[in-house]
Amino acid sequence: MSTVTAERLDATFAALADPTRRAIVARLAAGEATITELAAPFNISQPAISKHVKVLERAGLVTRTRQAQRRPCRLQAGPLRDVTAWLANYRDYWDESYQRLDALLADLTADDESAAPPRDGQS
């Protein structure tokens with residue numbers, strides 16, 4: 001895996017910080033779309049959608065091509081893969097934390113069971 005720069009992570013997280021841009025990324029995960037097609041579900045103008053797409057382009061998440069009169073946008077998943085790899089370090093941290101918590105809870109449960117008085121009919 002290539003080294004991910006802080007600038008690339010910053011750009012990706014900044015681009016994904018906006019819910020409209022996250023929705024655009026989700027839509028493009030299903031396949032390419034034009035600005036008009038991307039704007040359809042939103043109550044904002046096509047120029048506003050274009051600005052969102054430009055932010056996604058600068059972050060490397062989207063590319064635009066030309067097919068005759070059509071200019072479709074395509075998702076580029078590389079930056080998402082980089083974010084996932086970066087977050088994997090924290091997944092390991094949380095897994096270890098949960099394992100320690102599970103061990104502590106098991107010890108506490110064992111202590112409670114050994115300290116509990118016998119039930120009726122048991123000696």
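**Reading the salt bridges**

Modeller: D82 counts as buried, with a relative accessibility of 9% (buried means under 20% relative accessible area, exposed over 50%, partly exposed in between, with a 1.4 Å probe and protein chains only). This is a predicted model, in which local features need pLDDT of at least 70 and side-chain atom pairs count only at pLDDT 80 or more, while totals for chains, interfaces and linings use all residues. Residues are numbered from 1 along each chain as its sequence is written, and side-chain values use heavy atoms, with hydrogens and water left out.

Colleague: With which residue does D82 form a salt bridge?

Modeller: A salt bridge is a side-chain nitrogen of Lys or Arg within 4 Å of a carboxyl oxygen of Asp or Glu. D82 pairs in this way with R8, their closest N and O atoms being 3.1 Å apart. The pair links distant parts of the chain, since D82 belongs to helix 5 (residues 78-115) and R8 to helix 1, 74 residues apart (helices, H or I of at least four residues, and strands, E of at least two, are DSSP runs numbered from the N terminus). R8 is partly exposed, at 35% relative accessible area.

Colleague: How many salt bridges does the structure hold, and which residues are linked in a network of them?

Modeller: There are four salt bridges, and the network links E32, E37, R70 and R74. R70 forms a salt bridge with E37, the closest N and O atoms being 3.7 Å apart. R70 lies in the loop between strand 1 and strand 2 and E37 in helix 3, so this pair ties together parts 33 residues apart in sequence. R70 also forms a salt bridge with E32, at 3.3 Å between the closest N and O atoms.
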